[in-house]
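Trainee: Let us work through this structure by question and answer. Please settle one term before we start.

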Amino acid sequence: MSRPRVVITNRPFPETVALLAPHAVLDVNDAPEPWTPDAVRARCRDATGLLAFMTDRIDEAFLDACPSLRVVGAALKGYDNIDVEAAAARGVTVTIVPDLLTVPTAELAIGLILALGRHIVTGDRDIRRDGFSGWRPRLYGTGLAGATVGILGFGKVGQAIAARLVAFDCRLLAHDAAVAAIAPPLDAAVRLADRDTLLRDADIVVLALPLTRDTQHVIDAAALTRMRPGALLVNPARGSLVDEAAVAAALDAGRLGGYAADVFECEDWARPDRPAAIAPRLLAADAATVLTPHIGSAVTDLRRAIERSAAQSILDVLQGRAPVHAVTPPGPTPAVTTRPEAVPC
């Protein structure tokens, strides 16, 4: 019997390859850059499994071009780049990694808050450019003690951010339409508020929402005008939660005190109208921004575990087991053992 083909679209850890190699013919991207969408589609057209990442877009056209596909193991928590309904309709199981990305994302959010509020990046750049001759009365910023921090979205990531902010003696507000009450122990430290109250009262607004039709541009020009003048905005979640052009305009006008982001609109494959790049005006506002290249989950041991979880889900489907973290409806998962081997395209 021939083994099934599995495509891995971004450079994996050796342990990921070692887990899958005994059970499948692997087509692995070992380069630092992702394959183009056309290249991924071509390589997957007779593949049974796909280990997918943030750079991949799995939509109806992709699925129709890959009729042998049976499982997409996404090394992701958010999966707005995958059309789950289209996959389910074609009998393709989609799995995610729901828990492992929560803590590193929350940790990075704290880092972004501190870096933005205390001008850490600007100070580092100034020393490297101009040297240092001692203290001067400059780069005064926003501290956390006594500040009001509003968290939009209070799922696992929002709660993890709040738990870490408790130690900073902040006043914490949260808004999430799906959350009716806050469970202990955070109930003693966090108060639920409506969105307008949160935007009005918060010195720092942190986004912890998934990207959906309802949350795209939840922070737009109108929302920015409702924020406290000089407030800081921090986005470790999804780029398209904000209108980057509106953020740049608010920074230029001095209405917004600063913006920190690990994610950008140009990354969001689910949007056919996404911009091709980060807005130049946003990049130019270097004194009022901290921008990092989507490193929220970039912790070595955790990335290794994320890939292992996604790869194990692929193996589960190939061997006829129901994967633990499927986001498609449950159904029969016959073992895949007879698909022909093929030369990678």
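Mentor: A polar contact is a pair of N or O atoms within 3.5 Å; within protein, one must be able to donate a hydrogen and the other to accept it, and residues adjacent in sequence count only if both atoms are side-chain atoms. The model is predicted: local features need pLDDT of at least 70 and side-chain atom pairs count only at pLDDT 80 or more, while totals for chains, interfaces and linings use all residues. Residues are numbered from 1 along each chain as its sequence is written, and side-chain values use heavy atoms, with hydrogens and water left out.

Trainee: How far does the backbone nitrogen of Val94 lie from a polar atom of the side chain of Thr328?

Mentor: Start with the place of Thr328, in the segment after α12 (300-318); helices (H or I, at least four residues) and strands (E, at least two) are DSSP runs, numbered from the N terminus. Contact means heavy atoms within 4.5 Å, and beyond four places in sequence Thr328 touches Val84, Ala87, Ala88, Val92, Thr93 and Val94. From the Thr328 side chain, a polar atom lies at this distance from the Val94 nitrogen: 3.1 Å.

Trainee: Is Thr328 buried or exposed?

Mentor: Buried means under 20% relative accessible area, exposed over 50%, partly exposed in between (1.4 Å probe, protein chains only). Thr328 has a relative accessible area of 8%, so it is buried.

Trainee: How much area do domain 1 and domain 2 bury between them?

Mentor: The domain assignment, automatic or from a database, gives domain 1 (5-99 + 300-319) and domain 2 (101-291). In the interface, 16 residues of domain 1 are in contact with 11 of domain 2. Buried area is the accessible area (1.4 Å probe) that two parts lose on being put together, summed over both. Carbon and sulfur atoms hold 58% of it, and the total is about 1,200 Å².

Trainee: With which residue does Asp99 form a salt bridge?

Mentor: A salt bridge is a side-chain nitrogen of Lys or Arg within 4 Å of a carboxyl oxygen of Asp or Glu. The rule finds two across the interface of domain 1 and domain 2. For Asp99, the closest N and O atoms are 2.6 Å apart, and the partner is Lys156.

Trainee: Which backbone oxygen does the side chain of Arg164 reach?

Mentor: Arg164 lies in α7 (residues 156-165) and is partly exposed, at 29% relative accessible area. Outside four places in sequence, Arg164 touches Val103, Ala106, Glu107 and Ile110. At 2.9 Å, its side chain reaches the backbone oxygen of Ala160.

Trainee: How many residues apart in sequence are the parts that Arg226 and Asp196 tie together?

Mentor: The two side chains meet in a salt bridge (3.0 Å, N to O). Arg226 is in α9 and Asp196 in α8, so the pair links parts whose separation in sequence, in residues, is 30.

Trainee: Which helix holds both Asp301 and Arg304?

Mentor: Their salt bridge has its closest N and O atoms 3.1 Å apart. Asp301 is exposed at 58%, whereas Arg304 is partly exposed at 23%. The two are three residues apart, about one turn of the helix, in α12.

Trainee: Which residues do salt bridges that share partners join into one network?

Mentor: A search of the whole structure finds 20 salt bridges. Through shared partners, one network joins Arg5, Asp27, Arg43 and Asp46.
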